[in-house]
Amino acid sequence: MIQLRNIQKSFGNQLVLKGIDLTVNKGEVVSILGPSGSGKTTLLRCINFLERPNEGQVIVDDFKVNSKQANKKEILTLRKKTAMVFQQYNLFKHKTVIENVMEGLIIVQKQPKETARKLAMEVIEKVGLTEKANAYPVQLSGGQQQRVGIARALALNPEVILLDEPTSALDPELVFEVLEVIKRIADEGITMIIVTHEVSFAKDVSDYIVFMDQGEVVEEGIPTVIFNNPKEERTKRFFKRINREEDNLESNLTNAI
Amino acid sequence: MQIDIPFIFTALTEIFKALPLTMIITLVPLMIGFLIGIGITLIRIRKVKGIYRLANFYVSFLRGTPALMHIMLIYLGLPLLIDKMAETFHWSIQSTSIPILLFVLMALSLTAGAYMSEIIRAGILAVDQGQLEAAESIGMTGFQAMRRIVFPQAIAISLPNLCNIFIGFLHTSSIAFIVSQKELTGAANIVASNNLKFLEAYIAAALIYWGLTIISEKVTALLEKRVTVYNRGGVA
Amino acid sequence: MDITLIVDFFPKLISYLHITLLILVAAVAIGLVIGVVIALIRIYKVPGFNQLALIYISFMRGTPILIQLFLIYFGLPTLLALVHIDVSRANPLLFVAITYGLSCGASFAEIIRGAVNGVEKGQTEAAYSIGMNEKQMMVRIILPQALVMAFPNFANSVIGSLKDTSLAFTIGVMDMVGRGNTLIASSLHALEVYITLSIIYYGVVICLEKGFSLSEKKLQRFEGSLAVDTK
Ligand SMILES: Nc1ncnc2c1ncn2[C@@H]1O[C@H](COP(=O)(O)OP(=O)(O)OP(=O)(O)O)[C@@H](O)[C@H]1O
Ligand SMILES: [Mg+2]
């Protein structure tokens, strides 16, 4: 179980997160939606202390980290319990696909090389890249790179995988293959927190939706309620705009054809 | 042996008088080298038949040998050539009447030309191909486009490299003391042996070079700021 | 001028090439140690030492190698005399190696630091996100990438140092140029000596360039090309 309690974060004197509380149960997939600049990325990065919150607690399993007192060792332990998938993939450029996946297993988890290799191959197969196991990141398409990013996170068998807009840097035709992989691992019962702009995907894959705006959680709940019956004005407006954008896109497409 | 600190100051004022000569040995080659560099770059970019290989060899050879060699080859070789020519064509000049400084300047100009051509070439290649096309699309000739659009941008891009080459040649000019030029290092050498205070004299010289380098770095930083404002979102 | 003399001088001079190369190797070795230490001091901004490192780099970048050579040659004995070590009779090669080592150290430090800073921030974050500590991140992720990126500059710097060794004769080192000067004294054919020296230097530089560009290719194949940036 992941718990965030009263997470606050400011950059300079701009308060970007104004006290976020969130609970994610084991095996749940939670999607965070919200307009640009609302603090979604910052929140995700506070969970593994890539940004140190100014205030609040992060609890993973029974391991509790206080933002203020947290020392290096605690942060390290926290990071070992979590994994992240980045918008820009951030694969280790000097390592092949399999080396990328093995790196954490060998160096952080101290697994023997052979066990690590076997495990890595299994995960790589799961994301459909067995043939590319010995390729370097530069030799892969964006979609393939992001699937490696997912494999790298998945291999560590973390309590939770944090995904920050995993498909927004991809060409449209590559989005699908990545979303499919995420859906597949969601079905396996991996706990995930996903920041995404892909509304229909979020609807499809999530057990729980969190809508953020201006550093606050405006509304949260199960997808059917949030999407079909939002209570808050800001949420309604957000979905209306998104729907309009999608309609526009579609009519543009039909016009074009 | 003890360090005579007051003497460092005496030496400083004495050596400082040689600054103009150092500046001449630094700047003249850089300016001539700049012109050579442009010529060489054009030859290499346009791949002018015949001299193209020669230009490549010139750059490669001068960059591949110490500047001391260039000075010595010109200083020792050119007089032989001049005397030979004077003999055959009955000129009245004699190589011994030509000041050594002239040979040094010639040699270092050739050195500078080779390094400059690399800097200019890198600068020109770094300018977006679209700039040239845009210039030609509004009806400029290739030459106009080069001179008015590509070249100014190339210089802006090359600014840090040009600063580096200035500092490099400021330091290279010290080699001229080997052929008894009385620039900063030569002057330091004289002060050192006249007073038998070697360390102090060279400390003084070091301070002068160091100060000059820091000043040129500061000036470049200022220029760069200007250029990047001017080209905001462009070249920088 | 007598071209045939070049053929005569060539073997005499090239038999001193190993001294020139010895200076270069010593300088690069000393320079690497100093360079890595100084780069780390600069990267981690070690209090106190960082300022010293800045001054050191600025001074080495700010003064001609010739002046540095004289400073070490005249200054080091004075300095060591304070602690009662007598190096006034030491081989001038020692002073040359120290000077060129210090000079290489300053350039290498800046090259390494620049390359480390040039590694994308995302690499650090990815390393942290899988639970690496700072040291693991540095040693396993940043430095390997930085060293590949630094290689071309490093190669340039080494070639620069080779050319700088031509000045070692000014403090009486018997390297190629030093030997050349004795040849000039005995043969009075200075131009031919310098032509021969130039040919040898040029040859060595060409060989170094070829060697470096080969190893660069190998290195990049081994490490995966970092030059290509995929968005
Ligand atoms: N390192 C930083 N320094 C200063 N301000 C920052 C920093 N990171 C984020 N911010 C600010 O914090 C706010 C929230 O940013 P954040 O990246 O979390 O938004 P987001 O919801 O992820 O937006 P998007 O959908 O565009 O990715 C923004 O106003 C941003 O400008
Ligand atoms: Mg974001």
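Colleague: How many residue pairs are in polar contact between chain C and chain B?

Modeller: This is a predicted model, and between chain C and chain B nine residue pairs are in polar contact.

Colleague: What makes Glu217(B) and Arg61(C) a salt bridge?

Modeller: Set the value against the cut-off: a side-chain nitrogen of Lys or Arg has to be within 4 Å of a carboxyl oxygen of Asp or Glu. Here N to O is 2.4 Å, so the pair of Glu217(B) and Arg61(C) passes.

Colleague: Which part of chain C gives the largest share of the side that touches chain B?

Modeller: That's α9(C), with 10 residues. By class, that side of chain C has 22 nonpolar, eight polar and two charged residues.

Colleague: And how much area do chain C and chain B bury between them?

Modeller: About 3000 Å², with 77% of it on carbon and sulfur atoms. Arg61(C), Tyr194(C) and Tyr202(C) supply 20% of what chain C buries there, more than any other three residues.

Colleague: Over to ligand 1. Why does Ser36(A) count as a polar contact of ligand 1?

Modeller: A polar side-chain atom of Ser36(A) lies 2.5 Å from an oxygen atom of ligand 1. The cut-off for a pair of N or O atoms is 3.5 Å, so Ser36(A) qualifies. Lys40(A) at 2.7 Å and Thr41(A) at 2.6 Å pass too, again to an oxygen atom of ligand 1.

Colleague: How much of ligand 1 does the protein cover?

Modeller: It covers 62% of the 640 Å² of accessible area that ligand 1 has on its own.

Technical notes
Residues are numbered from 1 along each chain as its sequence is written. Chains are lettered from A and ligands numbered from 1 in the order in which they are written. This is a predicted model: local features need pLDDT of at least 70, side-chain atom pairs count only at pLDDT 80 or more; totals for chains, interfaces and linings use all residues. Side-chain values use heavy atoms; hydrogens and water are left out. Buried area is the accessible area (1.4 Å probe) that two parts lose on being put together, summed over both. A polar contact is a pair of N or O atoms within 3.5 Å; within protein, one must be able to donate a hydrogen and the other to accept it, and residues adjacent in sequence count only if both atoms are side-chain atoms. Helices (H or I, at least four residues) and strands (E, at least two) are DSSP runs, numbered from the N terminus. Ala, Val, Leu, Ile, Met, Phe, Trp, Tyr, Cys and Pro count as nonpolar, Asp, Glu, Lys and Arg as charged, and the others, Gly among them, as polar. Accessible areas come from the Shrake-Rupley method with a 1.4 Å probe; for residues, only the protein chains shown count as cover.
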